[in-house]
Amino acid sequence: LTVKSVTVAIPVLNGAAYLDEVLRAVLGQRVDVPVELLIVDSGSTDGSIEIARRHGARVIEIPGSEFSHGGTRNLAIAEAKGDVVVFLTQDATPASDRWLASIVEGFEQADDVALVFGPHVPRPGHSHVFAREMRDHFKTWGGGERIDLHRLDRSPEALADYRRYPYKLQFFSDVNGGVARWAWEQIPYRDVPYAEDQLIAREMIESGYAKVFHPGAAVHHSHDYPPTRFLRRYFDEFRSLREVLGHVEPFGLEHAARTVFHQTRLDREFMKGHGVEGLPLRRALARSARHHAVRALGSGLGARADRLPAPVRKALSLDGRSTFSPVEVPASPLLEEGPLPASTRPRPRDYFSFVRSGFPRRPLTLDPAPGSLAEKESLTLAWVLPPWDRGSGGHMTIFRLIRMMEQRGHRCSIFVFDPSGTERDAGEELRERIRSGFVPIEAQVFNGLEYWIGADVGIATQWWTAYPMRDLPGCYEKLYLVQDFEPAFHAYSAEYIWAEETYRMGYRCVAYTPWMARILRQDYGLEAESFECGTDLDVYRFQDGSREPATVTVYARKETARRGVELALSGLALLTERRPDIRVVLFGSHDRPKPAFDHVDLGVVPPARLAELYRRSTVGIAFSLTTHSLVAQEMMASGLPVVELAGDNVSSALGESGEVVLQADPDPVSVAAAIEALVDDPARARAIARRARSFVEERPWERSGEQLEGALRSFLARPRDPAAGFSREATRVAATLGGRPYDRGPHE
Amino acid sequence: VPGEAQIDWKARAEDAERRAAEAWEAYHEIAAEHADAAHYKHLLETREASFSWRITAPLRLARLALRWLTRSARKALRHS
C-alpha cells in the first residue's frame, strides 16, 4: 500500500495532563505525507479542547453518553481525510520524530496490510515492572527489534496453532496503532465498550489481511497506580475481555503462585541487568511480587465477574460498574471449541500427499542460469535428503559426497524431507547426528523445507525427495543423485510406479555405477553421468596373512530383499551338506534369518568389529541384485575374497580391473561352487584379494567428489534440452516393468 | 574515474559472486538458528499442554516452594 495521507486521531476526555505534550510530539513528526490532526472529545471540562485547537487540530465534540471505544473510533475514521488513520490515546506520546514515518513504513510492507502497531515504552520514573513487562511483551513480534509482518496461514497445523495461541496474531493496540481505510471499509470497529482493538484485529486477521509490528513506532505510555487502584483496573480490564472476547484468564492458587514467582524472577534479571543490587533490588522485587499478585487477583476475579454479586463487582470496579453484560460479537469459527470446520481440521498425517501434489506432470522449476555458472568457483548446493537411521549406507555415501563438495570449495545446505513426520529432531540435532555418526560436514541442516530459498544447484537424493525438489524455487539447475534403481526397492506396486515416475521428471542425473547411469539414459532418456564410491580404508585395513579356515561371512540383511539373502543361504545349504567343515557367520540383520544349517548370527555389527570379522574370514558374500553393494567393497578393502553374482550391475561397478571378485551365476549350485573354489584354492583367493585391495585403493572418496563435481560442471556447461527426460505421458502399468517396454526386448 | 577499458569486469563479477555465496551461507546460518528456536518452542508448548504435565503441576509447585524456602532460610542464616 502506498500511503498518500495520514490522519492522527485521538479520542479525548479530560486529557489535559499530557495532551499538550502528545500534540507537540505529533506535530514534530518528520514524515513525507500530509498529516491531519483530529480530536474527538466526549465532554472534557479541563481545557483539553482549547489545547487541541491551539495546536491546529480539527475537533469533533460528542456527548459523553455517545462515547464507546469502537463507535467513537468509527466516527473518527469516517470523518478523517487520510487513507490511513493512526490512533493514539490522550496519554500516549510518540517517542521519536520518526514514529509516524515508521507507521507509514509498516503499511508499505505489503498491499494487504490492514493494521500497524508499535511498542509502548513506560514514562520516565514509572516502575521497572512496566519497563520489563512491555519489553518482553513486544518481543513477541520481530523480537521487539524488527519489522514483523504476519498473516494467518490456512494450513491445518497453523490453524490448530492459532486456536491454541491466537494472541500473537490477534493482538493490536489502538493506544498506538494505525488502521487502513480500505480495510476498515470492509471490517469496521464493532460498537463494543472495550477490547475493540483486539476484536477488529481478530476479524481482519481471520479475513486474511496482514498486520505489521514496527519497532520504530514507539510511544511513551504507562500507568503507575497504587496497588488497590491497579487491582480495580485489572478487574475492569479482564471483565471486559470476558464480556467481549470470552477470554478467561487462568486463576487458582497454583497458577497465581507460579505467575508471581516467574514474573518476579524475570524482574530480578531485568533489574540486575540495569545494575540494581542489594537492598534496592530486594525492595524493588517486593514491589514486583506485590504487583504481580495484585494482577493475578484482579485478572482472575475480573474474568469470573459473572459469579460475583453485583455489589462486589461495583466495589471492585474502578469505573463503579456493577454489571456483567456479555456482548454479542460475531463468533469465530476458527476459535470455537470442538472440531474445526472440515476444511481446516488437522487430519492424521497424509504420508503420500507429496506424490498426489506431484500431478499433473510438469517440468522442473528452474531459473534462467547466468552464462558464467559453469566457471563459478564456489557453487551453492542445496541437498534434499530423506530421514535416516544410524549406519545407513546410502546416507553415508551422500554425506561423504557433501563433505567432498565442501572440501572442493562449494557451499552446501541440507534439508531433510520427511513425509512420515516421524523425524522429531531439530536441525542442529540432525547436524550433530551427521557429524558424530557419519562425516563432519559443515553444512547447516533443516528439518523440513520451510526455510528453502534455493541455490545454484538443488540436489534430490532419493525418489521421495525428487517430488518436492521439482517445484522448489530459486535453482539454476536440478540434479538427481541416483544410487540405485529404487523402484525395485518395492514390490510392483504404487510405490514402484511413483519411484519410477521420478525418472520422467527431466532431472539431470549423477548415478552410482555406469550400469545405473545407462538405465537412466537408455530406458528413460535422461542425461546421466556416473560416479564411483570410495571405501573407508582406515577402518577396513588390509590383511594378507592367516585367516580362520573355511569361514564364510555373509551379509544377510534379510529385510532388504535386493540383497538376495535366500539365494546365498541356498548355496550355503548345498555346500554345508557336502562340506561339514565350512563354518558360516551371518551379520547385518535385525530380523535374523534362520537357515537349516549350523551357523553363527552376529546381528547388526559396528564397523570396527566388522572389519575384524572380515580380516579373520576366508570368503565374503554380499550380494546385490541391483547396484553393487558397498559392503562388498569393504570386504575387498580388508583382503577378504568376495563371491558376487554375475551381472551388469556388478561388472560395471568393478570395471576392467581383472578378477577382483569371483562371480557366480544366480543359482544355488553356482554360488556353492564359487565359495568352495575360494575355500579350496587359497592362492587364487589371495590373488583376488590383492587385486581387490588395489581396486578400492585406487578409488578414494576424493575421486568420488571429483567425479561428482565433473558431472555437475559438465551439465552446467551444456545448455539444457527442455524436453530431455521430461514426459507428459503416463507410464503404462505392467507394459513398462523396469521402464522397459516388452516390445523392445530385454535391456542391453 | 577509470575508463571502460580499465575496469576489470571479470574480477568484479567474481567478487559479486563470492559475496552472493557468502550471503547465501549467512542466510542458512541465521535461518538454522531461527528454525531450531521455532522447533524447541513448539516442543515446549506441546509438553506444557500435555495431560501428564498438567497433572504433575502440584509436584513442581511443591518443589519450587521447597527450594525457595530452603534458599531463603539459608540466606537468613547467612545474614544473621
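# Briefing: a two-chain predicted model

Just after helix 22 of chain A, Gly639(A) takes a positive phi of about 85°. Helices here are DSSP runs of H or I with at least four residues, strands are runs of E with at least two, and both are numbered from the N terminus. This is a predicted model, in which local features need pLDDT of at least 70 and side-chain atom pairs count only at pLDDT 80 or more, whereas totals for chains, interfaces and linings use all residues; side-chain values use heavy atoms, with hydrogens and water left out. Residues are numbered from 1 along each chain as its sequence is written, while chains are lettered from A and ligands numbered from 1 in the order in which they are written.

**Chain A overall**

- Chain A has 26 helices and 24 strands.
- Of its 748 residues, 53% count as buried; buried means under 20% relative accessible area, exposed means over 50%, and partly exposed lies in between (1.4 Å probe, protein chains only).
- Among contacts in chain A between residues at least 6 apart in sequence, 73% join residues at least 24 apart, a contact being heavy atoms within 4.5 Å.

**Helix 22 of chain A**

- Helix 22 spans residues 630-637, and seven of its eight residues are buried, so this helix is largely enclosed by the rest of the structure.
- The buried residues are Val631(A), Ala632(A), Gln633(A), Glu634(A), Met635(A), Met636(A) and Ala637(A).
- Ser629(A) caps the N-terminal end of helix 22, with a side-chain oxygen 3.0 Å from the backbone nitrogen of Val631(A).

**Salt bridges within chain A**

- Arg132(A) pairs with Asp267(A), the closest N and O atoms being 2.6 Å apart. Arg132(A) lies in helix 5 (residues 128-138) and Asp267(A) in helix 11 (residues 253-273), so the pair ties together parts that are 135 residues apart in sequence. Both Arg132(A) and Asp267(A) are buried.
- Asp236(A) pairs with Arg239(A), with closest N and O atoms 3.0 Å apart. The two residues are separated by about one helical turn because they stand three residues apart in helix 10 (residues 227-245) of chain A. An α-helix has 3.6 residues a turn, so residues three or four places apart point the same way. Asp236(A) is buried at 8% relative accessibility, and Arg239(A) is buried at 0%.
- Arg699(A) and Glu532(A) meet at 2.8 Å, N to O. This pair links distant parts of the chain, 167 residues apart: Arg699(A) is in the loop between helix 25 (682-697) and helix 26 (701-717), and Glu532(A) is in the loop between strand 18 (528-531) and strand 19 (551-555). Arg699(A) counts as buried at 9% relative accessibility, as does Glu532(A) at 18%.
- Glu477(A), Arg508(A), Glu527(A), Arg718(A) and Arg720(A) are linked in a network of salt bridges.

**The interface of chain B and chain A**

- The contact takes 23 residues from chain B and 27 residues from chain A.
- The buried area, which is the accessible area (1.4 Å probe) that two parts lose on being put together, summed over both, is about 2300 Å². Carbon and sulfur atoms give 60% of this area.
- One salt bridge crosses the interface, and it joins Arg411(A) and Glu25(B) at 3.1 Å, N to O.
- Helix 1 (9-48) and helix 3 (57-79) of chain B are the elements that give two or more residues to the side of chain B that touches chain A. Helix 1 gives the most, with 18 residues.
- The residues on this side of chain B divide into twelve nonpolar, four polar and seven charged. In this grouping Ala, Val, Leu, Ile, Met, Phe, Trp, Tyr, Cys and Pro count as nonpolar, Asp, Glu, Lys and Arg as charged, and the others, Gly among them, as polar.
- His42(B) is in helix 1 of chain B and touches Asp161(A) and Arg164(A), not counting residues up to four places away in sequence. His42(B) is partly exposed, with a relative accessible area of 37%.

**Selected residues of chain A**

- Arg400(A) lies in helix 15 (residues 393-407) and counts as buried at 16% relative accessibility. Arg400(A) touches Val439(A), Asp536(A) and Trp701(A), not counting residues up to four places away in sequence.
- Cys412(A) is buried, with a relative accessible area of 8%, and Cys509(A) is buried at 0%.
- There are zero disulfides over all chains, a disulfide being a pair of cysteine sulfur atoms within 2.5 Å.

Definitions and conventions:
A salt bridge is a side-chain nitrogen of Lys or Arg within 4 Å of a carboxyl oxygen of Asp or Glu. A polar contact is a pair of N or O atoms within 3.5 Å; within protein, one must be able to donate a hydrogen and the other to accept it, and residues adjacent in sequence count only if both atoms are side-chain atoms.
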